[in-house]
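Welcome! Take a moment to look over the sequence and the 3D view, and then we will walk through some of the details together.

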Amino acid sequence: MSSEPSDVRPSDLQPEAAAPAPSDRSPIYLGDSELDAAMFDDVSYLEKLGYKQELNRALGLVSSFAVQFSSIAIGSALYTTLIVGLGFFGPASFWSYVVGGALQVLAVGLAMAQLVSAYPLSGGVYQITNRITRLPFLGWQTGWLIIIAHTVAVTAIAVSIVPFIAGWFGLAPEGSAQLPWVLGLIVLVTVVNLVSVKVAAFVNNLGVVCEILGVLLLIGGLLLVKHNTQPLSILNDSAGTASGGWFGPFLFAMILPAYLISSFDATGNAAEETKNAAWNAPLGTTLANVSAWLAGGVLIVLLFVAIPDLNTIMASQTPVRDILLAATGPAITNIFEAFAIVALIATMVVLQLTGIRVAWSQARDGQLPAARWMRHINAARIPVNATIVIGVISVIFALWSGLLSVLTALTALAWALAYGIVVTAGLWAVIRKRLPRHPWHYGKFSPIIFIVAVLWSIVLCVALVLSDPIGVGLGTLGAILVGVVIYRLVPSARRGKVFGVNHDVVAVSDTH
């Protein structure tokens, strides 16, 4: 077959098109296990998976790394979320971070990297789950959970940084007074993603530079500026949170790395815009995850050792800022804060961008209401309508902007559920050898990695629900039910007819 992509899209075909006979060996109808990602260039392999090249394939390894590293923003995220670990387990939450982070990065992260190598497609877990399970609704629902995670995360980050940004102007908005600030940030990142991929990439790269400079400034300041220090034994101090036993606080504190290191398919969602995607996408995400986990561990140790007074810090609503002010002074603290805010705005851009790609991928398969409208791409190759819709969803969540802790936990649970489903499907595919051959894998260790990823996903989901059964548990259940309603709004002639997955039909018409 020619390496030039086909112009045919699934929803451009007519419903009366006959399904091919079983003997038809065209690439679209080959079993996935008969494909080999390493044998084809990006455009040809995308065609083998049933799609034409529509997005701008311009990201290399460095940009792939940057997409994932920016979506984590480890130093900046610690600035606003380390309070979670302290609240559950005091400074002893360092050990929860080490163990939980290892399970996040070396189990779920590595498993997702292998699946992305096999299926370097926009849509991430939506596409992977569809192609492995051949259960379109399950695949659709995992994609919907990722959309929820990304849109809620955009809102949660906006809420978390508003007090710092407003403080630069001598303001301290509280409650509903924060809403205009939150909405302004959401509109800002939406406009960035509407302008062009190059602008979004520039903002992302700027965020990565600020993140790296901020981490180096933080480490340098805490190491070089003279200040009172705590003994390393403070890392074993639960600050009174474990009076009833250490297991529960230790378990709940493992939520911290789940907040910090997630969105494992950020590079996967950008895979159709990545060069040599079957290798660069998994390599970029693995390098970003591991480096973020290691850097986060170093930062947590330095911050906890620099605590001036443990009781004061435990009672603080901005513990990292208070530690830095006492240890390094206002100049370094304010510079780091500026770096952190820029990095977190870039994180919002990346999270929204990758969430948009999931919705666009579902629309490309005709699996959304108004799919033709939702999948529209402008001359700059931007899925403009999907971008607007994802921005609006974040605005809706902003109405609950006062519930930052609930929004953050809801984000983590949506991610954990989606990844739990896809790594479970991936475990079955690895054992049954149902994946396409792909360059990024772990040989005989792959099943072990997937088993650990499945077990950790279950533990994490349970911990997140138990941390707030009403706000987080019922909130996530409500999001799932909304997803069911949206899926049922897809015309029955299209529902479940995922191109390249459901081989009963070639495709269906798109009347919306």
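In which helix is the place of Ser 394? Ser 394 sits in helix H17. Keep in mind as you read that this is a predicted model.

- Ser 394 has a relative accessible area of 1%, so it counts as buried.
- If you set aside its neighbours within four places in sequence, Ser 394 is in contact with Thr 151, Val 154, Thr 155 and Ile 186.
- Asn 385 is also found in helix H17, which covers residues 384-398.
- Asn 385 is buried because its relative accessible area is 10%, and the cut-off for buried is under 20%.
- Not counting residues up to four places away in sequence, Asn 385 touches Trp 373, Met 374 and His 376.

**Nonpolar cores**

- As general background, nonpolar side chains tend to be buried together in soluble globular proteins.
- In this model, the largest nonpolar core has 149 residues. Met 112, Ile 161, Phe 304 and Tyr 419 have the most contacts inside it.
- Helix H6 (residues 136-168) gives this core its largest share, 18 residues.
- A second, separate core has five residues, among them Leu 59, Val 67, Ala 266 and Val 350.

**Where helices H2 and H8 cross**

- The axes of helix H2 (residues 61-72) and helix H8 (residues 197-224) come within 9 Å of each other, and they cross at roughly 60 degrees.
- This crossing of H2 and H8 is left-handed.
- On the H2 side, the residues that meet H8 are Ala 66, Val 67, Phe 69 and Ser 70. Their partners in H8 are Asn 204, Asn 205, Val 208, Glu 211 and Ile 212.
- Sorted by class, the contact of H2 with H8 has five nonpolar residues, three polar ones and one charged one.

**Positive phi in two loops**

- Most residues other than glycine have a negative phi.
- Arg 134 is not a glycine, yet it has a positive phi of about 55 degrees. You can find Arg 134 in the loop between helix H5 (125-133) and H6.
- With a relative accessible area of 35%, Arg 134 is partly exposed.
- Ala 370 is not a glycine either, and its phi is positive at about 55 degrees. Ala 370 lies in the loop between helix H15 (330-364) and helix H16 (371-374).
- At 26% relative accessibility, Ala 370 counts as partly exposed.

- Ile 421 belongs to helix H18 (residues 404-432), and its relative accessible area of 24% makes it partly exposed.
- How far apart in space are Ile 421 and Gly 139, C-alpha to C-alpha? They are 9.0 Å apart, although 282 residues apart in sequence.
- Ile 421 touches Thr 129, Leu 138 and Thr 142, with residues up to four places away in sequence not counted.

**Cysteines**

- A search of the whole structure finds zero disulfides.
- Is Cys 210 buried or exposed? Cys 210 counts as buried, because its relative accessibility is 9%.
- Cys 461 is buried, with a relative accessible area of 14%.

Definitions and conventions:
Residues numbered from 1 in each chain as written. Predicted model: local features only at pLDDT ≥ 70, side-chain atom pairs only at ≥ 80, totals over all residues. Heavy atoms only, no water. Axes fitted to C-alpha atoms, helices over the stretch in contact; angles between N-to-C directions. Helix = DSSP H or I, 4+ residues; strand = E, 2+ residues; numbered from the N terminus. Left-handed = near helix turned anticlockwise from the far one by under 90°. Contact = heavy atoms within 4.5 Å. Nonpolar A, V, L, I, M, F, W, Y, C, P; charged D, E, K, R; others polar. Disulfide = S-S within 2.5 Å. Buried < 20%, exposed > 50% of the residue type's maximum accessible area, 1.4 Å probe, protein only. Core = buried A, V, L, I, M, F, W, Y, C linked by side-chain atoms within 4.5 Å.
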